[in-house]
Amino acid sequence: MEQPGTSQEPLLLGSSGDSLREAFGKSLVTLADRYDNFVVLDADVAGGTGTHHFRRAYPKRFFQFGIAEQNMMAVAAGMAATGLVPFVTTFAVFCLRAYEQARLSVAYAGRNVKIVASHPGLDVGPDGGSAQALEDLAAFRAIPGMVVVSPADPLEVEQATEAILNYNGPVYMRTGRSPVLRVLPADYSFELGKGKIIQDGIDATIVACGVELARALTAADLLARESISARVVNMSTIKPIDDELLAKCALETGCIVTAEDHNIYGGLGSAVAESLVGNHLCPAEMVGIKDRFGESGEPEELAEKYGITADYICKAVKKAITRKQY
Amino acid sequence: MKEITEQSVTITTEKARQMRRNIISMLGQAGSGHTGGSLSASDIVACLYFWEMNIDPKNPGWEARDRFVLSKGHAAPVLYAALAEKGFFPQDYLNRLRKLGSPLQGHPDMRKLPGVEASTGSLGQGISWAVGMALAGKMDQKPYRVYALLGDGEIEEGMVWEASMAAAHYKLDNLTAFIDNNGLQIDGRVEEVMSPLPIPDKFRAFGWEVLEIDGHDHRQIMQALNTARTVQNRPTAVIAHTIKGKGCSFMENRAEWHGVAPKPDEVEKALAELS
Ligand SMILES: Cc1ncc(C[n+]2csc(CCOP(=O)(O)OP(=O)(O)O)c2C)c(N)n1
Ligand SMILES: [Mg+2]
């Protein structure tokens, strides 16, 4: 099972790496020595969230709560009240199970708890619609004070895990189930609250997060063949959203397309639209799941069926460009 | 009191064997899914579908039908095997488990497959569905009975006890919940992960009639169903002692087989044992 650590041996760009959940579990192990203040909480899915790596290395800092997510969430708040920093880990849909506890015990009470969710989006695949959280970003974004993060590749998961640990306050972070490509350069550096331009362009900006960033980069390559120059932004912090960067992209490229493995309502697309409305309006298109539940299938098949592949991003970019006012 | 005959036991035993074969084949083809908990529940589900329940595959929406809720929704293959065997849909549907566009979703989806009484997969919720159906039956004075099947890890969910409280409060003697007590959940033995023990005492304390049986002994399952039908003013919990992976020696009692599908050579080996 053990694969080479993501930190020691940076993989080649585009080569297939760990899943985001594996990267998360291994990051916890890497961070444990330097940060002795955090603990990890699990609800009978350690192998699924990647936290089994941490359990093996630091059994005394790992707490099993069984299939009882609501309790786990509020226990974490209690632990945080003593100064510990708990990572609450389960699948994204089961974080929603403990939503009200996250709202009250964690966020309302202002506790320093990190909620880390694996298995978001259509990326879950064959387990089907009941297991595919397409509304978690929206739900957690709506909780006052909750920071929401969705890293794109194993390198970023590693950096984001450390960053949210250093941030004092409640955070919801999405990992992912399927193995992913390494899409960010070795000198990439994650900053909480900041989007990053991964590839520059002048005709449009694609703003993506999570597994959708890889598709956005593919889309930019496809568009380049048609002489369309698309900028690609990795918006891995969805809340607070990087208003400044979005205004700059709106001004410089004139239109924006968002791309996410999530319902178009309430997630990255909505966050970007809200920002544009308040700062610098420009035509925008949203690529995401159009208010439907998912179903069983392989992630790539589902991406095609539900309209979130690179081709769909290309179409949205072209449409956004035609909507620009000259 | 239904008579438990040699013949009825022969029938359900043969059905359970056929269901286990189909569980193995469908999971083998799917390449992912939950094997152990589907096999541990096969005898209980076979007795329900082929001895106990009053249902009509030609009329899945029949109002007076008995209802079965697979609260441990990850064991979808055992439900699909029973429904196919009963004739709710063609057997060849089983070849498309977990594939794009298939009515056989990774977890049961009542909007996609006839015969599925509740969309489940998030543990703990199915028992509440069953309470709702049983309560509606009481309210409308309908004669149907409601059955739920829960995992022994699943009962760690607080919601299960909220539902249990409600079931006793409303005196739902038309409700029978089976606990598939196979002793394992994902991360290991239930008492090591987060002990729900003692299970019978807990249900008793919540006001339920409690029966304990060998969940692979068809006579005992049928006897428990007979008893549950005579209990008045309270729901019945049947704590069924089972073996996770039952029927395939190399899967039995092994937590690793919780959420893994057999590979082609393992399918062959398992089918040989189930022939
Ligand atoms: C609310 C919820 N949390 C977590 C899971 C993930 N999960 C799927 S199966 C399972 C273990 C179930 O164990 P048990 O109830 O004993 O089932 P069985 O042994 O019969 O397969 C878990 C934790 C889930 N489906 N629902
Ligand atoms: Mg079990």
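**Notebook: chain A and ligand 1**

I began with overall size. For 326 residues, a compact globule would have a radius of gyration near 20 Å; chain A has 19 Å, so the two agree. The radius is taken over C-alpha atoms, and the globule rule is 2.2 Å times the number of residues to the power 0.38.

I noted the ground rules next. This is a predicted model, where local features need pLDDT of at least 70, side-chain atom pairs count only at pLDDT 80 or more, and totals for chains, interfaces and linings use all residues. Residues are numbered from 1 along each chain as its sequence is written, while chains are lettered from A and ligands numbered from 1 in the order in which they are written.

**Chain A as a whole**

I looked up the extent of the C-alpha trace. Along its principal axes it spans about 60 × 40 × 35 Å. Of the 326 residues in chain A, 61% are buried (20 or more other C-beta atoms, placed from the backbone, within 10 Å of a residue's own). I then checked contacts (C-beta atoms, placed from the backbone, within 7 Å). Among those in chain A between residues at least 6 apart in sequence, 79% join residues at least 24 apart.

**The sheet**

I found 13 helices and 14 strands in chain A. They are DSSP runs numbered from the N terminus: helices are H or I with at least four residues, strands E with at least two. Seven strands form an open sheet in the order 3-2-4-5-7-6-12, with mixed pairing. Two strands pair if DSSP finds at least two bridges between them. Strand 3 (62–64) and strand 12 (237–239) of chain A are at the edges with a single partner strand each, so one side of each has no neighbour in the sheet. From one strand to the next, the twist averages 20°.

I followed one pair. Strand 2 (38–42) and strand 4 (85–91) of chain A run parallel over 5 bridges. Asp42(A) has Thr89(A) in strand 4 as its bridge partner.

**Ligand 1**

Where does ligand 1 lie? I found ligand 1 between chains A and B. Its shell has 26 residues, and among the closest are Gly37(B) and Gln185(B) (near means a C-beta atom, placed from the backbone, within 6 Å). Helix 5 (92–97) of chain A, plus helix 2 (36–40) and strand 4 (184–185) of chain B, each supply at least two shell residues. Helix 2 of chain B gives the largest share, 3 residues.

Definitions and conventions: Axes are lines fitted to C-alpha atoms, for helices over the stretch in contact, and angles run from 0 to 180 degrees between N-to-C directions. A residue is buried if 20 or more other C-beta atoms lie within 10 Å of its own, exposed if 12 or fewer, and partly exposed in between; C-beta atoms are placed from the backbone. Two residues are in contact if their C-beta atoms, placed from the backbone, lie within 7 Å.
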